[in-house]
Amino acid sequence: MTKNDCYYLGKVTKRHGFKGNLIIHLDTDEPELYDTLEAVFIEQDGTLVPFFFETSQPYQGTKLLVKFEDVEDEDVDKLINRELYLPLKSLPELSGTDFYYHEIVGFTIYDQSNTEVGTIKSVNDSAAQAYFEVDANGKEILIPMIDEWILEVNREEKAMLIQIPDGLLDIYLG
């Protein structure tokens, strides 16, 4: 299993107590989907290694309080700040204009007049408003991800039709 076969789930953030428990921060808006999680992959020396939960319970919003099988208390500190992954195949398939961020990287964006705008390089969701980072012939364009603007997602064609407000592209393309 490689990172290309997986999606980023979160990170081990800190120890909890002295019985081998850890706090995991989940990078999701729906942490309840992971309440019954049995295992995760943790990167160690460039390899994804499966870790199975001995116990797991929700903890303060987007966190889980976990204890891994076969990990002794003296070894838990080695897992702090490690990234967690799950297989892409474990994600439910989305349809319509719903999509996973990793799924649309490389898609071509078209505006409402079917004019090609550029290719999605990545999605930045670190600010209050998530946005597409688009390569338009070597120029970076930032397009806010607003549900009402996304008119169509064509997975077969790797294309997305977006209603871009008048003047937005002029800021970048002059």
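Hi everyone, let me start with the largest pocket: strand 1 (6–16) and helix 1 (101–104) each give at least two residues to its lining. Please keep in mind that this is a predicted model.

Strand 1 makes the largest contribution to that lining, with four residues. In total, 26 residues line the largest pocket, and those nearest its centre are Asp 27, Asp 29, Phe 99, Tyr 100 and Tyr 101.

Now for the domains. The chain divides into domain 1, residues 3–89, and domain 2, residues 107–171. Their C-alpha centres are 33 Å apart. Back at the largest pocket, each of these two domains supplies at least three residues of the lining.

In an unreviewed entry, UniProt puts "domain: RimM N-terminal" at residues 9–87. That stretch is 56% strand and 0% helix, and its end C-alpha atoms sit 10 Å apart. UniProt also lists "domain: Ribosome maturation factor RimM PRC barrel", again from an unreviewed entry, at residues 102–168. In this span we find 49% strand and 6% helix, with 24 Å between the end C-alpha atoms.

In soluble globular proteins, nonpolar side chains tend to be buried together. Here the largest nonpolar core has 22 residues, and the ones with the most contacts within it are Phe 99, Ile 104, Ile 109, Val 117, Phe 132, Ile 143 and Met 160. At least two residues of this core come from each of strand 8 (116–124), strand 9 (131–136), strand 10 (139–144), strand 11 (150–154), strand 12 (159–162) and helix 2 (168–173). Another core, of 21 residues, lies apart from it and includes Tyr 34, Phe 51, Val 76 and Leu 84.

Most residues other than glycine have a negative phi. Asp 70, though not a glycine, has a positive phi of about 60°. Where is Asp 70? Look in the loop between strand 5 (63–68) and strand 6 (83–87). Asp 70 is exposed, at 74% relative accessible area. Asn 137 also has a positive phi, near 50°, and belongs to the loop between strand 9 and strand 10. Buried or exposed, then, for Asn 137? Exposed, with a relative accessible area of 84%.

Terms used:
Residues numbered from 1 in each chain as written. Predicted model: local features only at pLDDT ≥ 70, side-chain atom pairs only at ≥ 80, totals over all residues. Heavy atoms only, no water. Domains from an automatic or database assignment. Core = buried A, V, L, I, M, F, W, Y, C linked by side-chain atoms within 4.5 Å. Buried < 20%, exposed > 50% of the residue type's maximum accessible area, 1.4 Å probe, protein only. UniProt positions renumbered as here; feature names shortened; annotations may be inferred. 1 Å grid on protein atoms, 1.4 Å probe; cavity = no way out; pocket = protein on both sides within 12 Å on 5 of 7 lines; lining within 4 Å.
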